[in-house]
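Here's a quick briefing to read with the model open in your viewer. It goes through the chains one topic at a time.

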Amino acid sequence: MMMLGVLLTYSGAVVIGLSIRRHHQEVFGKPPARALVYMLRCAGYCLLVLGAWPFVHILGGSIGIVAWAGVNSLSAFLAVLTLTYRPWRHAPLGGRGSTRHP
Amino acid sequence: MKGGVTQSMAWAHTWLGLVAGWMLFTVLLSGALAVAKPEIDAWTRPEQAASLAPQSVAVQRAQHYLAQEASNATWWFITPGPPGAPLTVGWAGAAGVGEASLDPATGEALAIRDSDGGEFFADLHATLHLPVWGLWLVAASGLFMLIAVVSGTVIHKRIFRDFFTFRPGASAQRAWLDGHNVAGVLALPFHLMIAYTGLVSFFWAYMPAGIEVAYGGDQVAYFQESTLRVERPEDTRPATLASLPAMARLTERSFGPEAIGLINVKNPGRADAVVTVYRATHDRVQLHGERITFDGATGRIIEPALPAGPVNVAYRTLAGLHFAQFGGGFVRSLYVALGLAGGIVVATGAVLFTIKRGDRQRPGTRAANAYQIIERLNVGMIAGPLVATGAFFWLNRLIPLETTERHHLEIQGYFLVWAGTLVHGLMRPARRGWIEQLGLLSLLSLALPLLNLATTGDWIVSYLERGDEARTAVELGFIIAGALAAGVTWRLAASTPTRPSASGRASRRGHAS
């Protein structure tokens, strides 16, 4: 159940990361369209907020929010590592990949 | 004017960061370890095998023990702990003070090695193991941390665009800066929170003006009034203390089952005895639980659990956020990870300082020499406390059990090793210093489970089999720390020693992936 919260916040962080031009280019091979940037950001933040629910559900309101805030930071950190070292993993069918990671 | 603000912020960030950074690193590292105090306590006291017993049984054993061993004391405390934790009792009186760990099921005193365990790191975190002015030094570093976090945010102009940017393959300076920014920005809410709540928790020491004016400097009077301690008229006639387990059962109606955090008994053998039962705080953010006060001689409730005032609740919540007594192992592991992220920010910042500025100096000049000394001090001030922490755990297993003042020796060992790393760091070229000390750290950490196996017959595998989560977590921590240190050592040793700024061009290093 807590893993669900971690997964939600982690996906949120990755999706927000993909709204950034450089990372989008690395994964999908082309810069994102303007509308897509807003959609990715919106979806990412929604996932982050949704990620609070499992923690609040298990740990209660106050502790749940504190735990969620901490998990957010660590999920974002994990997302940075993924986007840095394994960008193609997020692309559908491997994507076109980046030039740095043949 | 914007450039002016950014520049002055950059100045503050750079120089305050360097001055406070060395101290701050130790404060953050020991703070992260202090959060894991229950786990570290368990590992540093391997004899401590607590059996499962309900709190009412534990309280009964504690009362029996204290009545035999400390009947003349003026003050007792009992911490029954959650099921599975040892039962700790303590006393103070004319005959002196004492403390004992008991088996909660049998009430027998456990022969436990004399070690400060996690308490040492809590002390290092709060006062740097110094007299009272250590508290002020830590306060100063907390204030510097707040300034560094805010000024760092201001000078980092493209904070959101660079949010996810980490380029380990870029130039050394770029990679360090990215690491510094990523760890700093992502853990920013935690760093702000922990620095602020750390300062607020000890406001009575740092900002005593209010207490000075309102209470004429009488801090004891302030604390008595703010916690509304129950005062009773003195009555020195001897009286038998009523049954503590019965009082514990009465508190269950308000607190729920197994929710006692602490029991305080004032004047246990007298007619004016007062028993205060505090609620455990593991299921709420606020520090210090509600309490119920009993007449010790009769066992009747003098004061039921009262709701705290708004100011008190605010203080308890802020202090509770800092001390992280809630949410169990999950929340504590988050605090440890985010605290160590703070350590990474400071360490990378200190390294950046010398990379960015030291390389601009012409070799041989006085400035270049000064930067070289800073660069070498970085080794002893950052790798040093890490190595010393490893040594502390080694000493915990190596110092003979019957040694007098054993816990002092462990602490002296910590500081001696740290002093040794400072001297070593100054004597060696900075690169070699980092490689040798981090290499030593990885050896010390990775060998700790084996040392444990050799000295106590237990290690991570037997802990895992027994389901001993606390000690497994500590040994897992040793292995992770050792692996990370080995990884950094390996990368440092494998990378070319020339700096990119010397050639004016980014030297590309191979990817770890």
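A residue is called buried when its relative accessible area is under 20%, exposed when that area is over 50%, and partly exposed in between. Asp283(B), with 38%, is therefore partly exposed. Keep in mind that this is a predicted model.

**Chain B as a whole**

- The C-alpha trace of chain B spans about 85 × 60 × 40 Å along its principal axes.
- Of the 513 residues in chain B, 47% are buried.
- If you take the contacts in chain B with a separation of 6 or more, 67% of them are between residues 24 or more positions apart.

**Chain A as a whole**

- Going along the sequence, chain A reads α-α-α-α-α.
- Buried residues account for 45% of the 102 residues in chain A.
- For chain A contacts between residues at least 6 apart in sequence, 65% bring together residues at least 24 apart.

**A helix pair in chain A**

- Packed helix pairs get described by two numbers, the angle between the axes and the distance between them.
- For helix H4 (residues 52–59) and helix H5 (residues 61–85) of chain A, the axes come within 7 Å and cross at roughly 140°.
- The crossing of H4(A) past H5(A) is right-handed.
- On the H4(A) side, the contact is made by Ala52(A), Phe55(A), Val56(A) and Leu59(A).
- H5(A) brings Gly61(A), Ile63(A), Gly64(A), Ile65(A), Ala67(A), Trp68(A) and Val71(A) to that contact.
- Sorted by class, the contact between H4(A) and H5(A) has nine nonpolar residues, two polar ones and no charged ones.

**Salt bridges**

- Over all chains, a search of the whole structure turns up 17 salt bridges.
- Side chains with opposite charges can pair up when their charged atoms come close.
- One of the bridges joins Lys37(B) and Glu119(B), at 3.7 Å from N to O.
- That pair ties together distant parts of the chain, since Lys37(B) sits in helix H2 (residues 37–44) of chain B and Glu119(B) in helix H4 (residues 118–127) of chain B, 82 residues apart.
- Lys37(B) has a relative accessible area of 26%, so it is partly exposed.
- Glu119(B), at 42%, is also partly exposed.
- Lys37(B) and Glu119(B) belong to a salt-bridge network together with Asp41(B) and Arg45(B).
- Which partners does Arg284(B) have in salt bridges? Asp283(B) pairs with Arg284(B) at 3.8 Å, N to O, and Glu290(B) pairs with Arg284(B) at 3.1 Å, N to O.
- Arg284(B) itself counts as partly exposed at 30% relative accessibility, and Glu290(B) does so at 25%.

- His129(B) isn't a glycine, yet its phi is positive, near 60°.
- You'll find His129(B) in the loop between H4 and helix H5 (133–155) of chain B.
- With a relative accessible area of 33%, His129(B) is partly exposed.
- Ala324(B) has a positive phi too, about 50°, and it isn't a glycine either.
- The loop that holds Ala324(B) runs between helix H12 (310–323) and helix H13 (328–358) of chain B.
- Is Ala324(B) buried or exposed? Ala324(B) has a relative accessible area of 2%, so it is buried.

- Pro268(B) lies in the loop between strand E4 (260–266) and strand E5 (274–279) of chain B.
- Pro268(B) counts as buried, because its relative accessibility is 4%.
- Setting aside neighbours within four places in sequence, Pro268(B) is in contact with Ala73(B), Thr74(B), Trp75(B), Trp76(B), Ala239(B), Leu241(B) and Ala273(B).
- How many Å lie between Pro268(B) and Arg360(B) in space, C-alpha to C-alpha? The distance is 70 Å, for two residues that are 92 residues apart in sequence.

Terms used
Residues are numbered from 1 along each chain as its sequence is written. Chains are lettered from A and ligands numbered from 1 in the order in which they are written. This is a predicted model: local features need pLDDT of at least 70, side-chain atom pairs count only at pLDDT 80 or more; totals for chains, interfaces and linings use all residues. Side-chain values use heavy atoms; hydrogens and water are left out. Axes are lines fitted to C-alpha atoms, for helices over the stretch in contact, and angles run from 0 to 180 degrees between N-to-C directions. Helices (H or I, at least four residues) and strands (E, at least two) are DSSP runs, numbered from the N terminus. A crossing is left-handed if the near helix is turned anticlockwise from the far one by less than a right angle, and right-handed if clockwise. Contact means heavy atoms within 4.5 Å. Ala, Val, Leu, Ile, Met, Phe, Trp, Tyr, Cys and Pro count as nonpolar, Asp, Glu, Lys and Arg as charged, and the others, Gly among them, as polar. A salt bridge is a side-chain nitrogen of Lys or Arg within 4 Å of a carboxyl oxygen of Asp or Glu. Buried means under 20% relative accessible area, exposed over 50%, partly exposed in between (1.4 Å probe, protein chains only).
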